[in-house]
Amino acid sequence: MTAKNELRDAAIAAMMRAYAPYSDFFVGAALLTKSGRIYTGCNIENSSYSATCCAERTALFAAVASGEREFEAIAIAGGHHGKLEGVCNPCGVCRQALTEFCEPAFPVLLVTAEGYEEHTLGELFPGFFTNLNGKTGQ
Ligand code: THU
């Protein structure tokens, strides 16, 4: 599907913008909104390591800060110095962050050198925390 291949390409381009002087592990994420826009993010490291932000949350927060709350899919690409070897799985914090705005059926594309593996958020992160209990966020 073209949209998914475009999302893959956007994740790879974002990965090359990673600021990762400490780990040399480059990650890029591309988040497609229901309105058809793509927001990208890369990991941004910090000398105080815990201040680092992952690519997925950089993309999600950029999108939400721009007024977007409805998402279609995300693609994630990562590897040492930007070399794609296997897949880059999203960390638990990023999985939890995505659950705030995305349903369990939300597609998560894990980029490989050849294409991508398609998963769902629910499959990757069952039993996520929520205290909304059926209410929607403001
Ligand atoms: N990283 C991400 O950007 N996303 C993830 O889901 C996992 C890890 C980044 C954080 C850090 O800059 C580097 O990868 C190595 O952990």
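Colleague: Why is R8 called buried?

Modeller: R8 has a relative accessible area of 13%, and buried means under 20%, exposed over 50% and partly exposed in between, judged with a 1.4 Å probe and protein chains only; 13% lies under 20%, therefore R8 is buried. The areas themselves come from the Shrake-Rupley method with a 1.4 Å probe, and for residues only the protein chains shown count as cover.

Colleague: What kind of model is this, and how are its residues numbered?

Modeller: This is a predicted model, in which local features need pLDDT of at least 70 and side-chain atom pairs count only at pLDDT 80 or more, while totals for chains, interfaces and linings use all residues. Residues are numbered from 1 along each chain as its sequence is written, and side-chain values use heavy atoms, with hydrogens and water left out.

Colleague: What makes the pair of D9 and R8 a salt bridge?

Modeller: The term asks for a side-chain nitrogen of Lys or Arg within 4 Å of a carboxyl oxygen of Asp or Glu. For the side chains of D9 and R8 the N to O distance is 3.8 Å, which is within 4 Å, so the pair qualifies.

Colleague: Are E118 and K4 buried or exposed, or something in between?

Modeller: E118 has a relative accessible area of 42%, so it counts as partly exposed, whereas K4 has 18% relative accessibility and therefore counts as buried.

Colleague: What makes R37 and E68 a salt bridge, and which parts of the chain does the pair link?

Modeller: The side chains of R37 and E68 meet at 3.0 Å, N to O. R37 sits in the loop between strand 1 and strand 2 (38-42), and E68 in the loop between helix 2 and strand 3 (71-80), so that the pair, 31 residues apart, links distant parts of the chain. R37, at 48% relative accessibility, is partly exposed, while E68, with a relative accessible area of 10%, is buried.

Colleague: Which residues are around the ligand?

Modeller: A residue is near a molecule if one of its heavy atoms lies within 4 Å of it, and the residues around the ligand include S23, F25, V27, N43, E45, A55 and E56. The shell divides into 6 nonpolar, 4 polar and 2 charged residues, where Ala, Val, Leu, Ile, Met, Phe, Trp, Tyr, Cys and Pro count as nonpolar, Asp, Glu, Lys and Arg as charged, and the others, Gly among them, as polar.

Colleague: How far are atoms of E45, A55 and E56 from oxygen atoms of the ligand?

Modeller: A polar side-chain atom of E45 lies 2.5 Å from a ligand oxygen, and a backbone N or O atom of A55 lies 2.9 Å from one. For E56, a side-chain N or O atom is 2.7 Å from an oxygen atom of the ligand. On its own the ligand has 370 Å² of accessible area, and the protein covers 78% of that. Strand 1 (25-33) and helix 2 (55-65) are the elements that give two or more residues to the shell.

Colleague: Why is I76 called buried?

Modeller: I76, whose place is in strand 3, has a relative accessible area of 0%, and therefore it is buried.

Colleague: What makes H81 exposed, and what is its phi?

Modeller: H81 has 52% relative accessibility and so counts as exposed. Although H81 is not a glycine, its phi is positive, at about 55°, and H81 is found in the loop between strand 3 and helix 3 (92-99).

Colleague: How many helices and strands does the chain have?

Modeller: The chain has 4 helices and 5 strands, which run α-β-β-α-β-α-β-β-α from the N terminus on.

Technical notes: A polar contact is a pair of N or O atoms within 3.5 Å; within protein, one must be able to donate a hydrogen and the other to accept it, and residues adjacent in sequence count only if both atoms are side-chain atoms.
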